[in-house]
Amino acid sequence: MFVALVPCFLIGGLASFSGERHWTRWLDRLNGGISLGKASRSSSPAVWKGDGIADFGTIKLLEYDPVTRVSTAVQFKMEAVTVFPDQRQYDAFMSRLGHTIQDELLVTVRSSAAAERRNEEYLGKKVVTRVNRLLGHEVLREVRITDLSIAEFVSVPEERTSGP
């Protein structure tokens, strides 16, 4: 039993003596670039436009329903009006939680019914409510969704010929 525990103690000792950075880099390489234990994105997903406005640019979403074989492509531009009056506060927030807004937007669009997706104003209000509720305080005042396009297409099943 002692022999089985020795490797565990050695690995634990090495981990405590060497830096955490070494082990996270090693784990990142082991997982093919999937980040473990830290944010996988380093920069803000939005650009400061002044007056607390965050420009998230063009958002693209592609969904596939294997039951109906229908793919839905949704594309739109998004701006968010935040509560941050100056760029320093805005940058500090966006570097930490900017991707939370973008991720919550994608979850909201995916979970919305087809009729809700077509209503840009309603979708924007839904995102504001969900993000503010998720973060526990008001961060967004308004989300503006423009240039919305939705396309649905059906995948045709491959015809397979039976072999001899």
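What is the mean pLDDT of the protein, and what share of its residues reach 70 or more? The mean is 78, and 69% of the residues get to 70 or more. Keep in mind for every view below that this is a predicted model.

**View 1**
Where pLDDT is low, the predicted coordinates should not be read in detail.

**View 1. The largest nonpolar core.**
This core holds 26 residues, and those touching the most other members are Phe56, Phe76, Met78, Met94, Ile101, Leu105 and Val143. At least two core residues come from each of strand E2 (53–65), strand E3 (70–82), helix H3 (87–111), helix H5 (120–135) and strand E4 (140–154). H3 is the top contributor, giving 7 residues.

**View 2. Zooming in on Leu105.**
Leave out residues up to four places away in sequence, and Leu105 touches Ile59, Phe76, Met78, Val127 and Ile145. Leu105 itself is one of the buried residues of H3.

**View 3. Helix H3, kink and all.**
H3 has a kink of about 60°, centred on Leu97. Its buried residues are Tyr90, Phe93, Met94, Gly98, His99, Ile101, Gln102, Glu104, Leu105, Leu106, Thr108 and Val109. What do they pack against? Their partners are strand E1 (47–50), E2, E3, helix H4 (114–117), H5 and E4.

**View 4. Trp48 meets Tyr90.**
The model has 2 aromatic pairs. In the one formed by Trp48 and Tyr90, the ring centres sit 4.8 Å apart with the planes at 55°, so the pair is tilted. Trp48 belongs to strand E1 and Tyr90 to helix H3, so this pair links distant parts of the chain, 42 residues apart. Both Trp48 and Tyr90 are buried.

Ser71 is part of strand E3. Is Ser71 buried or exposed? Ser71 counts as buried because its relative accessibility is 7%, and the cut-off for buried is under 20%. Setting aside residues up to four places away in sequence, Ser71 touches Leu62, Glu63, Tyr64, Ala151, Glu152, Phe153 and Ser155.

Technical notes:
Residues numbered from 1 in each chain as written. Predicted model: local features only at pLDDT ≥ 70, side-chain atom pairs only at ≥ 80, totals over all residues. Heavy atoms only, no water. Core = buried A, V, L, I, M, F, W, Y, C linked by side-chain atoms within 4.5 Å. Buried < 20%, exposed > 50% of the residue type's maximum accessible area, 1.4 Å probe, protein only. Helix = DSSP H or I, 4+ residues; strand = E, 2+ residues; numbered from the N terminus. Contact = heavy atoms within 4.5 Å. pLDDT = per-residue confidence, 0-100. Bend = angle between axes of the 7 residues up to and from the residue. Phe/Tyr/Trp six-rings, centres within 6.5 Å; stacked < 30°, edge-to-face > 60°.
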